[in-house]
Amino acid sequence: MALVTENIFESFFRNSVEGILIFDKTGKIADINPAAKELFGIGKNAINPENVNDLIGSKYHAELWIICNRLLEHTEKKGKGNTLVIHNEGSREKNLILGLHLNNHIKLNENRYIAAFVTDETSRWKEKYELRQSHERFRKIFKHNPVAQLIIRESDNLIIDANNKFLELFGYELDEVMGKDTISIGLDHCNECKVKIEQAPDEHHIENDCESEAHIKSGKVINLLQSYVLIKLHDVTHEIWSLVDITEQKAAEAELKKTNEELEKKVTERTKDLVNLLEREKRMNELKSRFVATASHEFRTPLTTILASAGLVETYAKRMDAEKCLKHIDRIKASVELLTEILEDFLSLDKIEQGNVKPNITSFNLEDFAANVLREAESTLKKGQSIEYALTGDLIIKQDHNILKNTMLNLLSNAIKYSGEDANISWAISVQIDKTIITVADNGIGIPFDDQPYIFSRFFRARNAETIQGTGLGLNIVKKYIELLHGKISFVSAENAGTSFILDLPAIS
Ligand code: ADP
């Protein structure tokens, strides 16, 4: 019976597909079956190795003997099993990974032996290793992704993982955000994406790259570009949020926009300046050519008069006719005065245009002022003409004396010039608390209705004034003077019925 048992055991030992190795407490191999030899890479006919230590790499010795000694110290036959996984580098198959299952010891002839079952763990171990490797690989990719990422459980919006870039960007430690609702750390989907996510299938990339603002831990607001991927992890839908910090880009965009706007503003200003300059240049050129045209026309009459009168003076001087001589000398004087006036108008206009006329405000007595103006104006009155003058209110006024005098002389000389003989001209000054109203009215030729809009334009002359001497500069100068005093000038006129000019000058404190 024992023989039968021994034979059965021998057969089992030799034919087992599982490797079996028996060694004593010194490691000396008592027996090794063919399967074990095969696994350890020992040829079928090769002599058996002497010691278990020779079969496995030295780096496993310590661990092997910790297990073995524990098993050997056990009094009971069956010890608590242990498996030692070894990389069988010494074998012919270098990459074989073997499991040494050291489960019990055997007592034979008072000696204790360790029985080790040897199995090929290569494929199982590789599978496990690869799974772990791939898990680690993906974890590393997620953790070290240069784009900030969060993994959110879709059902309750809780953060289940955040990568390093996210933590760095938002200034949190991982445990500060784990299990938190995104909204509690100042992050949310945009409305459009929320709808898209709700409608999206289980595993899906939400195309929208939406811009949003988020508060980071320090309270600072940053600009983000958000996109989402829906994935299923253990059958639960999760969202992977990718967040790109575009704060600097936004600031640069804003800066660029500002610079562009400033540039555009500058270009507009420069263009305006240029247009103004061109306009001014154009006006100056126009003024010059009009001056030449007007001068050649307006100068001709007085110059002809001067020439004719000078000739006559010569004739009458020879005849010793003093009376006629004086008459023509007066004509020469009047013509020279006219030429001077015309020249002065041109010069005044040029001075105003250049901005060289600045009001010089003084207090003066209106009675004296009016007497002065009247004296000058009356010297040009036509036959039978008179000026009726009325002053109401304060006698002392604060104004630019010269500007006011030139303005009055201009308006009065027009009233005289454009009225017939015997006409009555009225001049009224009313000094009020906040303003002074001055009116010059005549009942002369009036201004045709169609010409009235252009009456203050430079060189403009109404068509009913063409035969009367003039340059069309006087009213243009007057208007500019009044504007310098912050006043207003208006008129009421009807052809053949007369004209009234009204000045409204604000009081100067
Ligand atoms: P000028 O008298 O040298 O022509 P002004 O600029 O003083 O130039 O006047 C412009 C035009 O306005 C005159 O040519 C004339 O047609 C018209 N005008 C000015 N004042 C009167 C007025 N009191 N009555 C009628 N027309 C006037």
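Start on the surface: select Val85, Trp125 and Tyr129, a nonpolar patch with about 240 Å² of accessible area together. Patch members have over 30% relative accessible area and no salt bridge; nonpolar side chains (Val, Leu, Ile, Met, Phe, Trp, Tyr) are joined within 5 Å, like charges within 9 Å. Areas come from the Shrake-Rupley method with a 1.4 Å probe, and for residues only the protein chains shown count as cover.

A word on the model: it is predicted, so local features need pLDDT of at least 70 and side-chain atom pairs count only at pLDDT 80 or more, while totals for chains, interfaces and linings use all residues. Residues are numbered from 1 along each chain as its sequence is written, and side-chain values use heavy atoms, with hydrogens and water left out.

Stay on Trp125. It is found in helix 5, residues 122–143. Helices (H or I, at least four residues) and strands (E, at least two) are DSSP runs, numbered from the N terminus. Tryptophan 125 has a relative accessible area of 34%, so it is partly exposed. The classes are buried (under 20%), exposed (over 50%) and partly exposed in between, with a 1.4 Å probe and protein chains only.

**Salt bridges**

Now for the charged pairs. A salt bridge is a side-chain nitrogen of Lys or Arg within 4 Å of a carboxyl oxygen of Asp or Glu. The count by this rule is 12.

Select Asp161 and Arg139. Their closest N and O atoms are 2.9 Å apart, in a salt bridge. The pair links distant parts of the chain, 22 residues apart: aspartate 161 sits in strand 7 (residues 158–162), arginine 139 in helix 5. Arginine 139 is partly exposed at 35%.

Next, select Arg153 and Asp156. This salt bridge has its closest N and O atoms 2.6 Å apart. Arginine 153 is partly exposed at 30% relative accessibility. Aspartate 156 is partly exposed too, at 29%.

Move to Lys217 and Glu176. Their side chains meet in a salt bridge of 2.9 Å, N to O. Here too the pair links distant parts of the chain, 41 residues apart: lysine 217 is in the loop between strand 8 (204–215) and strand 9 (221–233), glutamate 176 in helix 7 (residues 174–177).

Then select Glu10, Arg14 and Asp31. Salt bridges link these residues in a network.

**Backbone stops**

Select Asn157, in the loop between strand 6 (148–153) and strand 7. Its phi is positive, about 65 degrees, although asparagine 157 is not a glycine. With a relative accessible area of 12%, asparagine 157 is buried.

Jump to Phe459, in the loop between strand 15 (435–442) and helix 14 (474–484). Phi of phenylalanine 459 is positive as well, near 70 degrees. Phenylalanine 459 is buried, at 5% relative accessible area.

**A buried histidine**

Select His328 in helix 11, residues 322–353. Histidine 328 counts as buried because its relative accessibility is 5%. What does histidine 328 touch, not counting residues up to four places away in sequence? Show Ser309, Leu312, Val313 and Tyr316; contact means heavy atoms within 4.5 Å.
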